[in-house]
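Subject: Structure handover

Hello,

Here is the structure you are taking over. Notes on what was found in it follow below.

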Amino acid sequence: MSQSQTKGEILAGFLAPHPPHLVYGENPPQNEPRSRGGWEGLRWAYDNCRATIKRLKPDVILVHSPHWQTIVGHHVLHVPQLQGVSVDPIFPHLFRYHFKLDVDMELSAAIHDEAREGGLVAKKMTNPNFRVDYGTIVSLHMLNPDWDIPVVGISANNSPYFYDDNVGQEQMLKLGEATARAIAKTGRRAVLAASNTLSHLHFPAEPNPGLPEDMSKEVVMSQGQYEWDVRVINLLRAGKLDEFFSILPQFMREAFAEVKAGSLTWMLAAMGMPKIPAKHYGYGTVIGTGNAVMEWNLAEVTR
Ligand SMILES: [Fe+2]
């Protein structure tokens, strides 16, 4: 049933990092490899997001993933149901996940149309055999392991890499605004997910290949990188988005931050740059990268 008669809204947004290790550590039935656990700090942090989503009961979860990188334009998943096996190309021994997801087709089409209206190059991804990238799948699994809410997956156009950071960020602002217009027009109660790690320098090899979940080997890649993450998290916790965006280019350069791919900028732009304190649920490293699980809750902010 179309919900376009009612005005849509964005209920909440999550910084939802996607290391496949988190799914590996959880041992859900969809993932083939088995583990002894691991990365509990981040996985327990995600429990808070799961509880928020259960409470808010959104119509749809949208995720922007750095690992669905598209060369020409911004793509949206546009097949009613997608299923298959998503494999992490770097960590195939940790992540071979049997996914099955429903796409919100009306919203997906609306984002495509609004993006074009806003001057962006956009395309609907209509290949029924498309293998959804592990970034999209990990973030969605960690947020909603029941997979009982339709989704819209959005690609990361590679403009920050092909052109430069400024072009990339400008594109993400427009894409976020187009996403917000599409949500409003289709009447959806939506939750957004920015599938981003923060600092992204990592170990060149697994410290213990025989036991990837060996937590005695899991440390920050460098003190400088850790301090960058803390600085960024503190700004977001304080709702200081202007200051965050002013240091973002330097953060991306010096900490090789994955936010360069634009997911967080897209999400904050879609939410109208909410200068509210983000809830910080947890920080942890995965092979040395910095990961924070955070929530911007617009629906419950005044309670
Ligand atoms: Fe990544």
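A residue is called buried here if 20 or more other C-beta atoms lie within 10 Å of its own. The model is predicted, and what follows was computed from it.

By that cut-off A278 is buried, because 22 other C-beta atoms lie within 10 Å. A278 sits in the loop that joins α9 to β9 (279–286). Its C-alpha atom is separated by 5.8 Å from that of L236, although the two residues are 42 residues apart along the chain. If neighbours within four places in sequence are left aside, the contacts of A278 are L236, R237, M294, E295 and W296.

Next, helix α3, which covers residues 105–117. The buried residues of α3 are L107, S108, A110, I111, H112, E114 and A115. These buried residues pack against β2 (60–70), β3 (74–77), β6 (122–125), β7 (151–157) and α6. After α3 comes G119, with a positive phi near 95°.

The packing of α3 on α6 (residues 165–186) has an angle of about 135°, and the axes are 8 Å apart. The two helices are therefore oblique to each other, and the crossing of α3 and α6 is right-handed. On the α3 side, the contact is made by E106, L107, A110, I111, E114 and A115; α6 contributes L175, A178, T179, R181, A182, I183, K185 and T186. Sorted by class, the contact of α3 with α6 has eight nonpolar, two polar and four charged residues.

Helix α6 also packs with α9 (residues 263–270), at an angle of about 40° and with the axes 7 Å apart. That angle makes α6 and α9 oblique to each other as well, and their crossing is right-handed. The α6 residues in this contact are Q169, M172, L173, L175, G176, E177, T179 and A180, and those of α9 are T265, W266, M267, L268, A269 and A270. The contact of α6 with α9 divides into nine nonpolar residues, four polar and one charged.

L175 and T179 of α6 are listed in the contact with α3 and also in the contact with α9.

Regards

Conventions
Residues numbered from 1 in each chain as written. Predicted model: local features only at pLDDT ≥ 70, side-chain atom pairs only at ≥ 80, totals over all residues. Axes fitted to C-alpha atoms, helices over the stretch in contact; angles between N-to-C directions. Helix = DSSP H or I, 4+ residues; strand = E, 2+ residues; numbered from the N terminus. Parallel < 35°, antiparallel > 145°, perpendicular 65-115°, else oblique. Left-handed = near helix turned anticlockwise from the far one by under 90°. Contact = placed C-beta atoms within 7 Å. Nonpolar A, V, L, I, M, F, W, Y, C, P; charged D, E, K, R; others polar. Buried ≥ 20, exposed ≤ 12 C-beta atoms within 10 Å, placed from the backbone.
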